[in-house]
Amino acid sequence: MNEEQLFKQINLVRQATLKILESVTEEEADEQPEGFKNTIRWNLGHIYVVQNSLLAKFGGKTIETPSRYIELFAPGTKPADWQGEVPSLDELKQVLQEQPVQLKELLTGQLEDEAAQAFLSLPTVGEILNFTLYHEGVHTGTVKALKEKVAT
């Protein structure tokens, strides 16, 4: 897959994720039905944080993620432990909308770069970025299942 195709795929996946959110309310975003480990809001923030974090930590790229987002949405976190303010659904939608554009600006011409540290035996920045599509798909599926449970 060439660079342009990968960035198109990232946009396609992200638009699918955002489309699911069209009718989700702030209240629904925080409901945690029985059998689910997290909420819609957590899954959205997690998609954002993990994509940036994998590329920063393993890819070795300078990608900033607000520390508050990492506190709330990093692997192993959960809404039951949250204290203080959390990003609104609109804020999360905005950062998710902007992220593919920012990644394309930051990473164009660098996808073949050797990763600073291999992630799951993926040796290049592009392969790590490609993995984030799988990760997002998993969490988008969870968001879709949560939405079906909490939709009013």
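Biologist: At roughly what angle do the axes of helix 1 (residues 3-20) and helix 5 (residues 89-107) cross?

Modeller: Some conventions come before the answer. The model is a predicted one, in which local features need pLDDT of at least 70 and side-chain atom pairs count only at pLDDT 80 or more, while totals for chains, interfaces and linings use all residues. Residues are numbered from 1 along each chain as its sequence is written, and side-chain values use heavy atoms, with hydrogens and water left out.

Modeller: In general, two packed helices are described by the angle between their axes and the distance between the axes. Helices (H or I, at least four residues) and strands (E, at least two) are DSSP runs, numbered from the N terminus. Axes are lines fitted to C-alpha atoms, for helices over the stretch in contact, and angles run from 0 to 180 degrees between N-to-C directions. Here the axes of helix 1 and helix 5 cross at roughly 175° and come within 10 Å. Helix 1 is therefore roughly antiparallel to helix 5; angles under 35 degrees count as roughly parallel, over 145 as roughly antiparallel, 65 to 115 as roughly perpendicular and the rest as oblique.

Biologist: How far apart are the axes of helix 1 and helix 3?

Modeller: Their axes are 12 Å apart, and the packing angle is about 160°. Helix 1 is therefore roughly antiparallel to helix 3 as well. The contact involves Ile10, Arg14 and Thr17 of helix 1 together with Leu44, Ile47 and Gln51 of helix 3. By class these comprise 3 nonpolar, 2 polar and 1 charged residues.

Biologist: How many residues does the largest nonpolar core have?

Modeller: A nonpolar core is a set of buried Ala, Val, Leu, Ile, Met, Phe, Trp, Tyr and Cys residues joined through side-chain atoms within 4.5 Å. Buried means under 20% relative accessible area, exposed over 50%, and partly exposed in between (1.4 Å probe, protein chains only). The largest core has 22 residues, and those with the most contacts inside it are Leu21, Ile40, Leu44, Tyr69 and Phe73. Helix 1, helix 3, helix 4 (67-73), helix 5 and helix 6 each supply at least two residues of this core, and the largest share, 6 residues, comes from helix 3. Apart from this core lies another, of 19 residues, among them Val50, Ile63, Leu103 and Leu107.

Biologist: Is Asn43 buried or exposed?

Modeller: Asn43, in helix 3 (residues 40-57), counts as buried because its relative accessibility is 2%. Beyond its neighbours within four places in sequence, Asn43 is in contact with Asn38, His139, Thr142, Val143 and Leu146. His139 lies in helix 6 and is also buried, with a relative accessible area of 12%. With residues up to four places away in sequence not counted, His139 touches Trp42, Asn43, His46 and Ile47.

Biologist: What is the C-alpha to C-alpha distance between Asn52 and Thr132?

Modeller: Asn52 and Thr132 are 9.3 Å apart in space, although 80 residues separate them in sequence. Asn52 is found in helix 3 and counts as buried at 3% relative accessibility.

Biologist: What is the phi of Leu120, approximately?

Modeller: As a general rule, most residues other than glycine have a negative phi. Leu120 has a positive phi of about 50° although it is not a glycine. Ser121, too, has a positive phi, near 65°. Leu120 lies in the loop between strand 1 (114-119) and strand 2 (122-124), and Ser121 is found in the loop between strand 1 and strand 2. Leu120 is exposed, with a relative accessible area of 55%, and Ser121 counts as exposed at 65% relative accessibility.

How values were computed: Contact = heavy atoms within 4.5 Å. Nonpolar A, V, L, I, M, F, W, Y, C, P; charged D, E, K, R; others polar.
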